[in-house]
Amino acid sequence: MQPARTDTTVSTGAPGASIARLGARIKGFGPVLGLLALCIAGTLLNGDFATLDNLMNVLTRTAFIGIIAVGMTFVIISGGIDLSVGSMAALIAGCMIYFMNALAQGAGGDLAPITMLVLGIAMALILGAGFGLMHGLLISKGNIEPFIVTLGTLGIFRAVLTYLADGGALTLDATLSELYSPVYYTSVLGAPIPIWTFLFVAAAGAIILNRTTFGRHVQAIGSNEQVARYAAINVDKVKIATYMLLGVCVGIATVLYVPRLGSATPTTGLLWELEAIAAVVVGGTALKGGEGRIVGTVIGAILLSVISNILNLTSIISVYLNAAVQGVVIIAVAFLQRGRK
């Protein structure tokens, strides 16, 4: 009788394990399936949705948020958060324009316009890394919650830009603007430069997260920070690096965004932090940290842009409710992630 009972246990356990593995795989493809369903629905609701021009428009719109979301993925996986990225982008844009205008109006001496642009771009990346370093130091060395630090800098960054613009807009010099605009409007192999940049940043982010010691340390810290310290991981150093990486991503997104309009206002980058965080969590990254994928973040960013695009094309609900839809998505995903670690 004993062998019979043993055989029964094995035979019933194997299918259960297979079903669990299958369920995990299906869950991993959730964002992809959601994106496909949305694309089918968008095509049925409006024929213009499936056109090449609209596709390029959606992906270009996705590029700015997507690049920031790649950096945000590292921060959230490590157990942090950054609420200031939209305001940070606005201030970086304003500082870029202010600096390049100063060079164009005589401070640059005999510098060529292209040199002024290169210096402005370098300044944007340095500012992004510097702001990220500041966040990382305050959070890791100052032992202040990331929510509090970045909530504070959210207000500081936008207030400083408003001061620099005197409540209005900072507009790039006409000559520099004409020279700079191809960075946004030029296509390479049929796709605008922002899309290629997004793909490059996402690929680099995936390699760093999955193929480097730094990426493994980020995931270890998010899973259990205390255990990571016992494992001799320099937790503070890794946290600072994640915020600096996010800052650089914000700088890259800003460099691509400025030539679009050639100006910066107090509303530049408004709610970008909401969109970036939504892209990360929709892509499957655990809000509690320790788990996440760059590919999922990319799909999440595209999915949110597709939702916005469908709302614009079909007028199912007011376009003014786009942020509300994204907020509902974040809450819904957080609800589904309950207990996940």
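Okay, let's start in the middle: the largest nonpolar core has 86 residues, and Ile-68, Met-72, Met-96, Tyr-180, Val-250 and Ile-294 have the most contacts inside it. Helix 3, residues 52-77, gives the most to this core, with 13 residues. By nonpolar core I mean a set of buried Ala, Val, Leu, Ile, Met, Phe, Trp, Tyr and Cys residues joined through side-chain atoms within 4.5 Å. Buried is under 20% relative accessible area, exposed is over 50%, and partly exposed is in between, with a 1.4 Å probe and protein chains only. In soluble globular proteins, nonpolar side chains tend to be buried together.

Quick housekeeping. This is a predicted model, where local features need pLDDT of at least 70 and side-chain atom pairs count only at pLDDT 80 or more, while totals for chains, interfaces and linings use all residues. Residues are numbered from 1 along each chain as its sequence is written, and side-chain values use heavy atoms, with hydrogens and water left out.

Now the overall picture. The protein chain has 15 helices and 4 strands; these are DSSP runs numbered from the N terminus, H or I of at least four residues for helices and E of at least two for strands. Of its 341 residues, 45% count as buried. Take contacts, meaning heavy atoms within 4.5 Å, between residues at least 6 apart in sequence: 79% of them join residues at least 24 apart.

What is Tyr-180 in contact with, leaving aside neighbours within four places in sequence? The list is Met-96, Met-100, Leu-117, Ile-121, Leu-172, Val-255, Val-258 and Pro-259. Ser-181 sits in the loop between helix 7 (174-180) and helix 8 (182-185), and is partly exposed at 21% relative accessible area. Ser-181 and Val-258 are 77 residues apart in sequence, yet 8.4 Å apart in space, C-alpha to C-alpha.

Over to His-135, in helix 5 (residues 113-140). Buried or exposed, this His-135? Buried, at 0% relative accessibility. Not counting residues up to four places away in sequence, His-135 touches Asp-82, Ser-84, Met-88, Val-149, Thr-150, Thr-153, Phe-157 and Tyr-243.

Next, the largest pocket, with a volume of about 700 Å³. It is lined by 28 residues, and Arg-61, Tyr-257, Arg-260, Trp-272 and Glu-275 lie nearest its centre. The elements giving two or more residues to that lining are helix 3, helix 12 (235-261), strand 4 (263-264), helix 13 (272-282), helix 14 (294-314) and helix 15 (322-336). Helix 3 supplies the largest share, 5 residues.

For the record, a pocket here is an open set of points on a 1 Å grid over the protein atoms alone, where a 1.4 Å probe fits, with protein on both sides within 12 Å along at least five of seven lines; lining residues have an atom within 4 Å of a point. Points are joined across faces, edges and corners, and the volume is the space filled by probe spheres set on them.

Asp-166 has a positive phi of about 55° although it is not a glycine; it lies in the loop between helix 6 (146-164) and strand 1 (170-171) and is exposed, at 73% relative accessible area. Leu-271, also not a glycine, has a positive phi near 70°. Leu-271 is in the loop between strand 4 and helix 13, and counts as partly exposed at 36%.
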